[in-house]
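Biologist: I would like a close look at a single part of this model, with the terms spelled out as you go.

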Amino acid sequence: MIQPGKPDLKRVAVVGRGTAGSLAIANVARFLSEGEHEIHHIYDSRIPTIGVGEGSWPSLVQEIKQLTNVPHEEIQKRLKGTRKYGVAFEGWGCRDRDFTHFFTPQQVSYAYHLSADLLAELLIENVAAKHIDENVLEIISEENGAIIKFENRSPEHYDLVFDARGFPKSLNPDQHIDISFIPTNTAVIRRCPSIFEERNELIVEHTYTRAVARPHGWVFVIPLSAHTSYGYIFNRDVTSLESVESDFDKLLQTEAVPEFEQRAVLRFPNFVHRKLYDGVVARIGNAGAFMEPLEATAIVTAQLQIGMVLHMRLNRPKDHWERDAPVVNRFLINTVLRYGLFVGWHYARGSRYSSEFWNFARDQVWTQHSAVADPKNVNCDALEKFEEMLQVLNSPVIDRADWHKTCAVPLTSYSQISQGIGY
């Protein structure tokens with residue numbers, strides 16, 4: 001296969017070794033041989049990876065197999081994983097009825113519930129790259145590449161850099177779009193016993209990520225083979241941590257969970273960087289965008305970012321890169337904002353709880369989505385496409401020509417959520 005951009009990728013770096021960084025270095029190593037290209041994986045080993053349970057989308061199942069050449073069954077065991085067939089919502093919307101958002105084809109297509117730290121280990125264990133354990137101070141884009149400045153070594157020049165260093169320290173309106181129509185910003189993570197009896201064989205049961213509405217937010221429940229990951233997602237500006245911890249205890253008592261390990265209290269912004277890709281630096285994972293984990297968009301966003309940037313840089317001559325970069329950047333921002341609108345829309349009909357949080361989420365936060373995603377503010381048509389999907393749902397008959405419409409996710413997903421929340 002002729003790849004005209006490949007000769008100009010002599011030095012490539014990936015900064016960070018979380019999920020996004022590990023996916024990036026595995027993809028770079030897959031397409032660029034270390035003998036012909038210098039591949040550097042840069043990270044600070046003093047920064048720990050929090051091994052929370054994570055959900056994913058079906059696209060990850062095939063990608064891990066391609067990147068590792070490990071059989072599917074072995075991958076699932078290595079990740080202490082289970083097979084995720086969708087998200088089971090409990091108490092969401094105005095109908096007071098539980099519902100499930102299935103992957104399509106329903107009960108056939110599946111993703112993984114997995115342990116994030118084990119995924120990173122699996123992806124990088126056989127990657128041929130130079131590992132640099134050092135603190136990165138700054139990444140500077142230049143006309144012909146990027147400069148990485150380190151704390152304790154000389155700067156290095158690269159033709160392409162994937163920046164996966166995690167959340168920005170603060171949001172800057174000039175650099176970030178604040179997805180403020182999503183009402184949460186904090187997670188309390190607990191590790192609880194597995195719902196499965198201890199066994200050596202592969203777990204093939206259908207499992208679902210549970211999204212349980214609670215008075216102060218909602219709780220994800222992710223079943224792994226070795227443990228179950230619980231996370232209470234809330235807004236620290238609306239509800240105190242003490243109130244959340246108390247309600248978390250009540251939920252675990254109701255579910256007869258005898259014990260738990262407190263893992264972390266994580267603060268997060270809901271945002272997208274205005275420059276995800278500038279031609280030489282690609283901001284991926286939490287460095288580029290994030291939204292609460294309601295629909296497990298983090299990993300699939302990183303997959304899209306990495307895949308698009310590598311595809312463009314490999315398959316387009318160098319003369320086109322400067323013109324290509326704004327197009328790729330706008331497409332990625334547009335897609336992330338569409339994910340964000342889909343996630344925020346889940347709050348549009350509240351929940352079974354008439355509480356301060358849910359009233360705030362429905363009546364004050366979601367009502368801002370049109371202003372936040374106004375094309376003049378975000379330079380893309382995400383809002384228009386989202387509203388088109390809602391118009392299709394409101395039609396008395398959905399025409400066959402609209403069956404395959406998508407806005408980040410397909411019409412089938414919009415339909416399931418619409419019916420579930422009582423839109």
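By class, how many nonpolar, polar and charged residues does the lining of the largest cavity have?

Modeller: The lining of the largest cavity has five nonpolar, three polar and no charged residues, where Ala, Val, Leu, Ile, Met, Phe, Trp, Tyr, Cys and Pro count as nonpolar, Asp, Glu, Lys and Arg as charged, and the others, Gly among them, as polar. This is a predicted model, in which local features need pLDDT of at least 70 and side-chain atom pairs count only at pLDDT 80 or more, while totals for chains, interfaces and linings use all residues. Residues are numbered from 1 along each chain as its sequence is written, and side-chain values use heavy atoms, with hydrogens and water left out.

The structure holds one cavity of 30 Å³ or more, a cavity being a set of points on a 1 Å grid over the protein atoms alone where a 1.4 Å probe fits but cannot get out. The space in the largest cavity comes to about 60 Å³, taken as the space filled by probe spheres set on the points, which are joined across faces, edges and corners.

Its lining (residues with an atom within 4 Å of a point) consists of Gly285, Ala289, Phe290, Met291, Thr297, Ala298, Thr301 and Val336.

Definitions and conventions. 1 Å grid on protein atoms, 1.4 Å probe; cavity = no way out; pocket = protein on both sides within 12 Å on 5 of 7 lines; lining within 4 Å.
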